[in-house]
Amino acid sequence: MKPQFIGRRSFGLTLSLLLLIALLGSGCMAVIMDFPFQRGIRVKTTMNLVDNPTAPNVPIPNVPNFGDMASLRDDLSGTRTGTDTHVQGTTNQFGHSTYPNAITKADWALHVGPSVSPPCFQNTFVEVVPAAGAIFEFFCNV
Amino acid sequence: MSKGVSHPLFFVGCMLQILVVSCMNSSPMPVSSEVVLFSTISDTPFRDCICSVETDGSNFQRLLSPKQNRSYLHASGNSLRNVLVVTVEELGPSGQIEVHMYLYHPKDGQWRRLITEEGMEGAGYISPDNSRIAYVFAPASQPKHLRTWIRDLKTDSARKLAGDDNEEGAWDGYLSWRPDGQELVFLRLNLTADGVTSKLMMVSAAGGHSNTILDKPEGIAASCYASDGKRLAILSKSGLEILELESSRRKVIVPLSVLPNVQLVMGSLICSRTQDLIAFSVFNRESKQYELWTVSSDGTALSHIYNQGEKDGKLTVSSFIQK
């Protein structure tokens, strides 16, 4: 019986498959992950450490914040996510308030503070939130 | 030349061998049985994750990757074969974001809520013998009192440590266990008219009065017990220092002049319990990179082992952990 050689297409397929198995098995594949669920708004409140100018971003917990969508921005690229036009919360121990369902591709008016303890005055900012969502870091003013 | 050599499968075999050998060479042998555990807090929601690297900076691994409605803010542990305490940001049943601490077993992937009381949950730190968790918590009845608590995992009982104050507006954070599990240090932070102040405090794991080790003017950003339990590593305005607890003698082992253009990251300092090794992270304002450094407690073997771009998120080290 004549030996059967693998056809060119099958050979290419086999080679690709074996290479893929080898890559996965050897653990040398650079795993570049792009997380597909970018969305929403995260408000972050921070302040400098008084006696140490090299430690500038101390997260501040318990700071109330809220926001209202001002207008949609269809001129921005990407797909809009979220349905909430109003968000409200208090920053956690990491100094964050996260609003995953806030409408993106929009302008937002965000208000941070006031809080008595820790004492932060109220600040208002108008920010552009792109389709992928955004984080806004606010320095607490006392 | 024999027919076998010209056969296509021979070529495939050679390619595989070359690939596997080259990959093995690209992953150097581990230098220690410990890895550095760190969190990456991203610039966009639901991209926070828990990662690790070897103590030489090789073999980056993402241990807990974010999911659609869940991401990971902080993790602490002693071994990847034992329980970790993980702070999770997740979408609650009401559609609001909630932060909860969980006990996570990497071996079987099991998750269990650490506390069921209502309140603000922060970061958790597991004791060296895995029997207790020290954590930052404010009960719903006292939302402004973010303080250090301790939970015994055997009895499932919890109590507030260092409950001897009524400082409204002060909050605790950035805890470290003494290697014998008898004591903890933490930072007590306070927002004043000038900014945030920090005091380095010490408290017995059995509870009671907390003592101030270093007061506000020192500008302490982080601390951890050295492996001997007699010294503390501290990040201060002078750089990385070693403080001998008995004599109160201090020595700067990495002055900030050695690390130009850097900003310290609050709480990002860990000490190994099994070897003379300290790890810390800083943000380099010039390169816009978070840098992970290791050094011995005498200041030798300072090594920049890993870095990641600002856009990848804030890097905060949380534990040396056995593989």
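Trainee: What is B:Ala279 in contact with, leaving aside its neighbours within four places in sequence?

Mentor: This is a predicted model, and in it B:Ala279 is in contact with B:Val36, B:Ile270, B:Leu292, B:Trp293, B:Thr294, B:Val317 and B:Phe320.

Trainee: And which residues touch the most other members of the largest nonpolar core?

Mentor: B:Ala279 is one of them, along with B:Val86, B:Tyr135, B:Ala233 and B:Phe280; the core has 109 residues. Strand 20 of chain B gives the most to this core, with seven residues. In soluble globular proteins, nonpolar side chains tend to be buried together.

Trainee: Strand 20, then. Which sheet order is it part of?

Mentor: The order is 20-21-22-23 in chain B, an open sheet of four strands with antiparallel pairing. Strand 20 (262-271) and strand 23 (303-309) are the edge strands, each pairing on one side only. From one strand to the next the twist averages 20°.

Trainee: How many bridges join strand 22 to strand 23?

Mentor: Six, with strand 22 covering residues 289-295 of chain B and the two strands running antiparallel. Within that pairing, B:Gln289 stands opposite B:Gly309 of strand 23.

Trainee: Back to the other end of the sheet. Where does B:Ser272 lie?

Mentor: In the loop between strand 20 and strand 21 (278-284) of chain B.

Trainee: Buried or exposed?

Mentor: B:Ser272 counts as buried, because it has 22 C-beta neighbours inside 10 Å. Beyond its neighbours within four places in sequence, B:Ser272 is in contact with B:Glu34, B:Ser227, B:Leu277 and B:Phe320. B:Phe320 is also on the contact list of B:Ala279.

Trainee: How many residues apart in sequence are B:Ser272 and B:Ile126?

Mentor: They are 146 residues apart in sequence, and 14 Å apart in space from C-alpha to C-alpha.

Trainee: What's the general rule behind the two sets?

Mentor: In a regular strand the side chains alternate between the two faces of the sheet.

Trainee: Which way does strand 17 pair with strand 16, parallel or antiparallel?

Mentor: Antiparallel, over four bridges, with strand 16 at residues 222-225 of chain B. B:Ala222 has B:Leu235 as its bridge partner. The hairpin of these two strands has five residues between them, and B:Gly229 there takes a positive phi near 75°.

Trainee: And on to strand 18?

Mentor: Strand 18 (residues 239-244) of chain B runs antiparallel to strand 17, and six bridges join the two. One of the bridge pairs is B:Ile234 with B:Glu241.

Trainee: Now the whole chain. How many helices and strands does chain B have?

Mentor: Two helices and 24 strands. Chain B has 323 residues, of which 45% count as buried.

Trainee: Where is the pLDDT below 50?

Mentor: Chain B averages 89, and 89% of the residues score at least 70. Over residues 18-30 the pLDDT is below 50, and that stretch has 14 contacts in the model beyond near neighbours in sequence.

Trainee: What ipTM and pTM does the model score?

Mentor: The ipTM is 0.83 and the pTM is 0.83.

Methods
Residues are numbered from 1 along each chain as its sequence is written. Chains are lettered from A and ligands numbered from 1 in the order in which they are written. This is a predicted model: local features need pLDDT of at least 70, side-chain atom pairs count only at pLDDT 80 or more; totals for chains, interfaces and linings use all residues. Two strands pair if DSSP finds at least two bridges between them. Axes are lines fitted to C-alpha atoms, for helices over the stretch in contact, and angles run from 0 to 180 degrees between N-to-C directions. A residue is buried if 20 or more other C-beta atoms lie within 10 Å of its own, exposed if 12 or fewer, and partly exposed in between; C-beta atoms are placed from the backbone. Two residues are in contact if their C-beta atoms, placed from the backbone, lie within 7 Å. A nonpolar core is a set of buried Ala, Val, Leu, Ile, Met, Phe, Trp, Tyr and Cys residues joined through C-beta atoms within 7 Å. pLDDT is the predictor's confidence in each residue, from 0 to 100.
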